[in-house]
Amino acid sequence: MPTLLLELVAPMQSWGTTSRFDERDSQLEPSKSGVLGLICAALGRDRGEPVDDLVRLRMGVRVDREGMLMRDYQTAQGVLIAGTGKPDRERTVVSPRFYLADAAFLVGLEGEDGALLARIAEALTRPRWPLALGRKAFPPSRPLVTDATQAVVPAALEEALAQRARVAAPRREHLAQPVRLLLETPGVGSLRHDQPIAPFSTRQFGPRFVSSGVLDHVPEPAQA
């Protein structure tokens, strides 16, 4: 089954899955809802359109460089009041927002529909709308896909993630450590509530299972 590989590298990324009210969280790896939202932006797919074909893709993440979890201090005015549903323009709300600094991920999406994967790869090289890694203020520092013809590989998710060269060097304190690998595995692993179950405009997300492992060896990029 073919797999599409994406490189998510940026000074700042944010992959929240449990944000409520004023506090916005970030997981330590990209969420599936975040990655599919990114693909929708590349395809020019509106938030009200169905995403059933994208949800069926099986996702995996290789953590090539661990991010540092940081917190932004932000304030907002004119927020809606729960009791009235109206904005209070005199009130200032503190909104802690977490993000990952200096992280780099290789993301794989495995699916039976090779034509869909090829269409996504092509769209990511010429996205319809601007791409951002979790927040509009966090653009990628380099293209997610540099060559659409090389982005889809004829290999299963695990194999594709193990064989692709590193997308970024690890931080010095992690040099001797294995690389973390997270795979979407039906019925096995920890639960994550980041699986879209309806168009993004409805903000409905269901659970999926993710198993965690490590890779002792990851190929290094070829020297120029």
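Predicted model: local features only at pLDDT ≥ 70, side-chain atom pairs only at ≥ 80, totals over all residues.
Helix H3 covers residues 114–125. At 1.5 Å a residue, its 12 residues should span 16 Å, and the end C-alpha atoms are 17 Å apart, which agrees. At the start of the helix, a side-chain oxygen of Asp-113 comes within 3.2 Å of the backbone nitrogen of Ala-115. The buried residues of H3 are Leu-116, Leu-117, Ile-120, Ala-121, Ala-123 and Leu-124. Viewed down the helix axis, these buried residues fall within an arc of 165 degrees, so they line one face of H3. An α-helix has 3.6 residues a turn, so residues three or four places apart point the same way. The cover over the buried residues of H3 includes strands E1 (3–13), E4 (92–110) and E5 (152–153) along with helices H1 (32–43), H2 (52–55) and H4 (148–151).

Asp-194 belongs to strand E7, residues 190–196. Its relative accessible area is 0%, so Asp-194 is buried, the cut-off being under 20%. The side chain of Asp-194 makes a polar contact of 2.6 Å with the side chain of Arg-208. Beyond its neighbours within four places in sequence, Asp-194 is in contact with residues including Thr-17, Ser-31, Lys-32, Ser-33 and Phe-205.

Gly-16 sits in the loop between E1 and H1. With a relative accessibility of 33%, Gly-16 is partly exposed. Leaving out residues up to four places away in sequence, Gly-16 touches Asp-25, Ser-26, Gln-27 and Ser-31. The C-alpha atoms of Gly-16 and Gln-163 are separated by 28 Å, and the two residues are 147 residues apart along the chain.

The model has 17 salt bridges. One of them joins Glu-29 to Arg-180, with the closest N and O atoms 2.8 Å apart. Glu-29 is in the loop between E1 and H1 and Arg-180 is in strand E6 (residues 179–184), so this pair ties together parts that are 151 residues apart in sequence. Glu-29 is buried at 5% relative accessible area, whereas Arg-180 is partly exposed at 23%.

Arg-58 and Glu-158 form another salt bridge, their closest N and O atoms being 2.8 Å apart. Arg-58 lies in strand E2 (residues 58–65) and Glu-158 in helix H5 (residues 157–163), so the pair ties together parts 100 residues apart in sequence. Arg-58 is buried at 17%; Glu-158 is partly exposed at 33%.

Arg-180 also forms a salt bridge with Glu-66, at 2.7 Å between the closest N and O atoms. Glu-66 lies in the loop between E2 and strand E3 (68–77), 114 residues from Arg-180. Through shared partners, salt bridges join Glu-29, Glu-66, Arg-180 and Arg-192 into one network.

Terms used: Residues numbered from 1 in each chain as written. Heavy atoms only, no water. Helix = DSSP H or I, 4+ residues; strand = E, 2+ residues; numbered from the N terminus. Expected span 1.5 Å × (residues − 1). Buried < 20%, exposed > 50% of the residue type's maximum accessible area, 1.4 Å probe, protein only. Arc of directions from axis to C-beta. Contact = heavy atoms within 4.5 Å. Polar contact = N/O pair within 3.5 Å; in protein donor to acceptor, adjacent residues only side chain to side chain. Salt bridge = Lys/Arg side-chain N within 4 Å of Asp/Glu carboxyl O.
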